[in-house]
Amino acid sequence: YLVCGFIFYLIGGSLASAIRIELSSPVSDFMARDVYNQVLTLHGTIMIFLWIVPVVNGAFGNYLIPFYVGARDMAFPRLNAVAFWLIPPAGLMLISSYFITGAAQSGWTAYPPLSITSPAAGQIIWIISVLLLGGSSIFGGINFIATILKLRRPGLKLMQLPMYCWAMLGTSILVVLSTPVLAGTLILLSFDIVAHTGFFNPTLGGNVVVYQHLFWFYSHPAVYIMVLPAFGLVSEILPVHSRKPLFGYATMVYSFVAIVILGLVVWAHHMFTSGTPPWMRLFFTIATSFIAVPTGIKFFNWVATLWGGRISLNSAVLFSCGFIINFVLGGITGVALAQVPFDIHVHDTYFVVAHFHMVMGIAPLMVVFGAIYHWYPLITGRHLNQTMGKIHYWITFVGAYAIYFPMHY
């Protein structure tokens, strides 16, 4: 999972570099416009479905959860194999579409009518690829739930589980509840493209806003599918290197539960400019603002864990602290975007791009690197070079702010 994820990460990162080169001047001088749209779509899709989700869920989940609950293996090893082996062909199919038919051009959200009027072949390949990756997520989620609930060693109660197990339990519940909605939505979209049905096609009486509701019902929980495992990993790393137990175990557990519940009722804050009625705007503003509370509890607990501890400031701790700083600053702009009057003005601007990448790109990335530095000795029996790790951290941290901080302006 980790090696496969890093290969796709390098491809997605190269596409990001191509986007930045194109945007360094106002004219289309590096890529043609349709190629730019294809690169943008591939970058977003690869980074979400082929990098962050498989790595923070699949890679660390498969390694740590049996270890933490005292099981010999995952509950369903064959289903686990299927979940992994869906990823490489789906990724290769997605990337090869660029060379064969031309990749999808409608962004990672595939909003109709743009996705219906774009070249059909690339869009259909995109849909099949995302459906396979969604299937992989669902199989993984079922496996994690079964392993955590059914394979715990005798005497290990739920409120004694390591925090990463709670994070993965919450994540897996979100995956199993929300991913099938995306799958059904994309199947309907493929009917619109291939069979010219009218589910989302406005010229045939379809409703594009219904697509947005269905898409974001999955894709907002997907934010927590990417970041809840990162929360769990940080909660495992910090106590070890500050040499004291995690502060406020019970409140951390309840905040995970609160995020899972609230994460399912905040999706329409992505749609404040889609003609949503005032009552809906009010409800989703309040719900989105509320979700900051359990997230804030976690930050206080992490800081309290570090406070007064004998901290060894190694690479794993630096990356974990970098994650906390990134997520707090990215989260503050998220609370700002939850407010309708502000969101209407900055929707689809670089302010949102900056917010999204700080919270979903850089923050989980920091945790992945921190977790690799932390667990590498356990996995391989060897330590990574700490001096190189610190240089790696500062380049990543400063580089991230150099890219995304100016975007807010």
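Tutor: Sorted by class, the lining of the second largest pocket has eight nonpolar residues, one polar residue and no charged ones. Keep in mind that this is a predicted model. The space inside the second largest pocket comes to about 170 Å³.

Now for the names. Leu2 and Val3 line this pocket, along with Ala59, Phe60, Asn62, Tyr63 and Leu64, and finally Trp375 and Ile379. If you'd like to find them by element, look at helix 1 (2–23), helix 2 and helix 14 (350–380), each of which supplies at least two residues of the lining. Helix 2 gives the most here, with five residues.

The chain has two cavities of 30 Å³ or more. The largest cavity holds about 190 Å³ of space. It has 18 lining residues, and Val53, Asn57, Gly58, Ser136 and Ser137 are the closest to its centre. Helix 2 (33–69), helix 6 (120–150) and helix 7 (163–194) are the elements that give two or more residues to that lining. By class, the largest cavity is lined by eight nonpolar and 10 polar residues, with no charged ones.

The second largest cavity has about 30 Å³ of space. Its lining consists of Val130, Leu131, Gly134, Thr179, Leu182, Ala183 and Leu186. Helix 6 and helix 7 are the elements that give two or more residues to this lining, and helix 7 gives the most, with four. Five of these lining residues are nonpolar, two are polar and none is charged.

Let's step back to the whole chain. The secondary structure comes to 15 helices and zero strands. The C-alpha atoms fill a box of roughly 60 × 45 × 45 Å along the principal axes. A compact globule of 409 residues would have a radius of gyration near 22 Å, and the chain's 21 Å agrees with that. Of the 409 residues, 54% count as buried. Among contacts with a separation of 6 or more, 80% are between residues 24 or more positions apart.

Asp348 isn't a glycine, yet its phi is positive, at about 65 degrees. Asp348 counts as exposed because its relative accessibility is 70%, over the 50% cut-off.

Compare that with Ala110, which sits in the loop between helix 4 and helix 5. Ala110 is another residue other than glycine with a positive phi, near 50 degrees. Its relative accessibility is 0%, under the 20% cut-off, so Ala110 counts as buried. Pro113 is also found in the loop between helix 4 (87–100) and helix 5 (114–117), and a cis peptide bond joins Pro112 and Pro113, with omega at about 5 degrees.

Terms used
Residues are numbered from 1 along each chain as its sequence is written. This is a predicted model: local features need pLDDT of at least 70, side-chain atom pairs count only at pLDDT 80 or more; totals for chains, interfaces and linings use all residues. Side-chain values use heavy atoms; hydrogens and water are left out. On a 1 Å grid over the protein atoms alone, a cavity is a set of points where a 1.4 Å probe fits but cannot get out, and a pocket is an open set with protein on both sides within 12 Å along at least five of seven lines; lining residues have an atom within 4 Å of a point. Grid points are joined across faces, edges and corners, and a volume is the space filled by probe spheres set on the points. Ala, Val, Leu, Ile, Met, Phe, Trp, Tyr, Cys and Pro count as nonpolar, Asp, Glu, Lys and Arg as charged, and the others, Gly among them, as polar. The radius of gyration is taken over C-alpha atoms; the globule rule is 2.2 Å times the number of residues to the power 0.38. Buried means under 20% relative accessible area, exposed over 50%, partly exposed in between (1.4 Å probe, protein chains only). Contact means heavy atoms within 4.5 Å.
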